[in-house]
Number of protein chains: 2
Amino acid sequence: MAEIGNSVAVLGTGALGGFYGGLLAQAKYDVHFLVRSDYEQLREQGLRVDSPLGDFHVQRPHVYRQAADMPAVDLVMVCWKTTSNAALAAALEPLMKANTTVLVLQNGWDVERTAVDAVGGQHVVGGCCFLCSNRIGPGHIHHLDYGAIACGEYQTGDGLTPRLQALQAMFQRANIDLRPSADLRLVRWKKLVWNIPFNGLSVLLSSDTRQLLEDSSAAALAHELMEEVREIAAANSTEIDEGHIEKMLADTRKMVPYDSSMLVDFRAGRPMEVESIFGNPLRAGLAAGYHARKIEMLYQALSYLDREHSGSSM
Amino acid sequence: MAEIGNSVAVLGTGALGGFYGGLLAQAKYDVHFLVRSDYEQLREQGLRVDSPLGDFHVQRPHVYRQAADMPAVDLVMVCWKTTSNAALAAALEPLMKANTTVLVLQNGWDVERTAVDAVGGQHVVGGCCFLCSNRIGPGHIHHLDYGAIACGEYQTGDGLTPRLQALQAMFQRANIDLRPSADLRLVRWKKLVWNIPFNGLSVLLSSDTRQLLEDSSAAALAHELMEEVREIAAANSTEIDEGHIEKMLADTRKMVPYDSSMLVDFRAGRPMEVESIFGNPLRAGLAAGYHARKIEMLYQALSYLDREHSGSSM
């Protein structure tokens, strides 16, 4: 079996990168964190993760303010939001070796594009995280629930490669449930079936998942948005079965009431991932001849809110 | 020429009823106001209207807590919101004479239905007000701008009746610009071309008209919603020319930044006219074979906000 190697760079040490990077560091991988706001805190007091699986503390993480100071590594995990991707190509450059894998763990459609353009598709694996986790303070992550990563080769024709199996084994040693898939596109569309209605409507209607699903109009709208995602995927040759939508709705009804990460960003005045989660899927539909009108309206409304109200609405 | 008569009942003495009823009282018509919240104030201190056309004060208006105490009149003006229409049939009953005209000045589509069912279509005239006016305190109205009323017979086949001309003459004596139309439906659809995007988006995006029109995404969405209203009207045999939409957009760009009455209601925790302004037009489209998807999404979102957030969002 292929081996990934021992060294890891984590780009973005927030709710996602702090959690997965912390687990990998706990498992004795050589993890290097690129950090923006929490640098001093992480250097002096380490990385704290509170989790129902057991709290832990990475005492002396390798932290960096800029990628140019970091070593080349075997695995790069892209954990920051797509709204920071303008900095990605320059950050990747010093981290790459001949066989480096770049694991893009961002939300949305076509989010691997920037990495692919920078380093070539053969280096890139895309993944979707099923994780409830928040950054609750500098260098302090609160993991609430879940944590699996579904991932696949960007070059979909490659299928279930030895690299994916090696990633699975590597993450297993850190207690991370990484699930290789032969079809990254299917993984992404199935995740978007959730993200588009629940990230979008949570911001537009200033509501958590339970409030939305308990109201007949909002629940019907969420369901229709899911169907539009399914239509976009179908127009792009990816079939999502109707059972997936029913399961997502049923699972979300069972969840604790949850403020989506996009609602958290909006309320905090941070930019929202409007292009990757709404704009790119909409355009993928239009390019394939399908006009998702309600997703388009959500995209228009969120684009406006992102520009006009971010940080001032609450 | 037909005469309407001298006696008027005004149902709902807010921004609309207070303004028009006040002008009619000033012109010595015998005006009777049905009042809910401001009864004591109106009885003791009269009705004040501040207006760029000249402030005035109706010192001793005839005010009533219930319609049963009011006289039968020649003209009834329905000025409260459609959300109060459950009380309309009972209120009309004591006010009717053989030739009473009921002038329904509410926003939306099919808003005359309740009056028609109660008293018969031959009594009913519908009208749209182009008025910027607010109730700024008990018995105190602030008129900002405009004030014309476009109206027509509910029984559209009747055309430009002598009754409409008599209404025009009557209102002219009170300095109210009432414009008879042979086609009430066209009047209503043309008004909805404005109300649907600007009432709806102002609430959904918590914004005034200028903010919406200065943003490319929000302005594009407003334009598309206007086009959907035009499609619904066309499916119902009413042609609105494209120039009307361009004119509405241009006029609104020239207006002072304006918080729609629906946004004012929403922020105050009052019910919004979701069914008359969004639900009824949507259903009129569906019944004629046209599915207005963005209006439907607006209707779904506002129905949710009306139930979930009214009064708590600011």
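**Where chain B meets chain A**

Modeller: Welcome! In this predicted model, the contact draws 22 residues from chain B and 22 residues from chain A.

Biologist: What makes two residues count as being in contact?

Modeller: Their C-beta atoms, placed from the backbone, must lie within 7 Å.

Biologist: Which helices of chain B each supply at least two residues of the side that touches chain A?

Modeller: Those are α8 (216-235) and α12 (293-308) of chain B. The most comes from α12(B), which gives 10 residues.

Biologist: Why is N175(A) called partly exposed?

Modeller: N175(A) has 13 other C-beta atoms within 10 Å. Exposed needs 12 or fewer and buried needs 20 or more, so N175(A) is partly exposed.

Biologist: And where is D110(B) found?

Modeller: Look in the loop between β7 (101-104) and α4 (113-119) of chain B. D110(B) also has a positive phi, about 65 degrees, although it is not a glycine.

Biologist: How do you know whether D110(B) is buried, exposed or partly exposed?

Modeller: D110(B) has 17 other C-beta atoms within 10 Å. That count lies between the cut-offs of 12 and 20, so D110(B) is partly exposed.

Terms used:
Residues numbered from 1 in each chain as written. Chains lettered and ligands numbered in written order. Predicted model: local features only at pLDDT ≥ 70, side-chain atom pairs only at ≥ 80, totals over all residues. Helix = DSSP H or I, 4+ residues; strand = E, 2+ residues; numbered from the N terminus.
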